[in-house]
Amino acid sequence: MNTPAPSDVGRLVHLGIGNFARAHTLVATQRAGGWSVSAFTGRTAAMADALNAQDGQYGLIVRGAEDDEVSIVDVIDEVHPADDVDALVRLVADPFTAVVTLTITEKGYAAGNDPATSAPARLALGLKARREAGVTDPIALVSCDNLTGNGDVLREAVLAAADEETRTWFAGHVDVISTMVDRITPSADEGAAALVTERTGLADTVPVVTEPFTEWVVQDSFRGRRPEWEKAGVQLTDDLELHELRKLRLLNGAHTLMAYAGQVAGLERVDEAIRHREVRALVEQLWSEARSTLDLPAADLDAYTAALEERFRNPRLADNLIRIAADGSAKLPVRALPVIAELGGPEKAPGEVAAVAAWTAWVTERVRAGHEVKDPQAEAIAAAAVLENTTDRISALLDLLDVPAVDPLVDAVIAEEKRLPRP
Ligand code: CS2
């Protein structure tokens, strides 16, 4: 086991400061104490102006089934728009910066090698500057996105964009850390800002609403300084993979299934979906399949799914299915397809196939009704969804998921689409 090297002070650079990071990663960093955060936005640069205008502070509403706890998070020094490459390069090259955390979503890792579109490519430029500045202190890149082996995915994306000298320098100076992150964080509702002001006095245009549950399991392989996240209940481990798979396949897998099947059935929120008899039956089916791929004691898995059910049922959280429905083409290959493959094919995994079928049904309905589908492959989805012939339509949609042998899946998805609950 590596010796953890927590430290009293340092700078953490965060890429992709959306609601999730502000409910999770930054809250833990504030609790660790001592560290300051320089953040970069995701695609919405407006978050930079909003947070800078309130000195980086924001209200955090922890919304339990019974009541709200409201506090102010005050750990951010400065926020820059995502495309401020000069600021990122300056900050990564500074020896005081020891950690970079990322919440750039699944699609952020496949955004190519152009710094204009890709956070890993911008990071590669920052590392080049750190190398050229002769900084010897190790820096850790910590992925906080819902991908299996997210650190490995990050390393590959950064190295693919890096120049040769930086690639050679990398192993000696950069640690890439996988983590499992978990906290359900819906879009803030309209009353959130007023609630923050009422309880704390802060005039807040960008409050965060989140659930009480929070979990962060971090691979224990830092050579350099890092915040003392243990103080915030973060677990450091040498064995991350099962934590990742359990969360991705049970929580995120069920989320994705509910997002599409729920909306096809005419529902709007997660708590409605988990209470809907037929959608819930699909979730149970998906859970039993996903569980059988996880090498964990049945009692652990029972407790885990029971806790998930309670989180999903939180009647006050108002987590909209449309939030989770974004980026399906990037999520299904992580959450559902590996289970189908591991179980030996679609006929062995009808619940996972239902998640895929609910996606094909939902994108088809959305596109045909003239609505936007938020997805990195939105154009190709729109073109596929209007194909008249069902086999052509499903094949074209599944092609976007990068499924290796699609034929049996096409037929299974066509059959499951017909069985989905409707309003
Ligand atoms: C959700 C996640 O958007 C999604 O796809 O499944 O944001 C989920 O809420 C988080 O991973 C919970 O930790």
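## Around the ligand

N146, D182, R183, I184, N252, H255, R323, I324 and K331 surround the ligand, where near a molecule is defined as having a C-beta atom, placed from the backbone, within 6 Å of it. This is a predicted model, in which local features need pLDDT of at least 70, side-chain atom pairs count only at pLDDT 80 or more, and totals for chains, interfaces and linings use all residues. Residues are numbered from 1 along each chain as its sequence is written.

By class, this shell holds two nonpolar, three polar and four charged residues. Ala, Val, Leu, Ile, Met, Phe, Trp, Tyr, Cys and Pro count as nonpolar, Asp, Glu, Lys and Arg as charged, and the others, Gly among them, as polar. Helices α9 (241-264) and α13 (321-325) each supply at least two of the shell residues; helices here are DSSP runs (H or I, at least four residues), numbered from the N terminus.

## Two domains

The chain divides into domain 1 (10-238) and domain 2 (242-419), with bounds from an automatic or database domain assignment. Their C-alpha centres lie 28 Å apart. Because both domains give residues to the shell around the ligand, the ligand lies between them.

In domain 1, 17 residues are in contact with 21 residues of domain 2 (C-beta atoms, placed from the backbone, within 7 Å). That side of domain 1 has seven nonpolar, four polar and six charged residues.

## Helix α19

Now to α19 (residues 407-419): its 13 residues reach 19 Å from first C-alpha to last, close to the 18 Å expected at 1.5 Å a residue, the expected span being 1.5 Å times one less than the number of residues.

How values were computed
Two residues are in contact if their C-beta atoms, placed from the backbone, lie within 7 Å.
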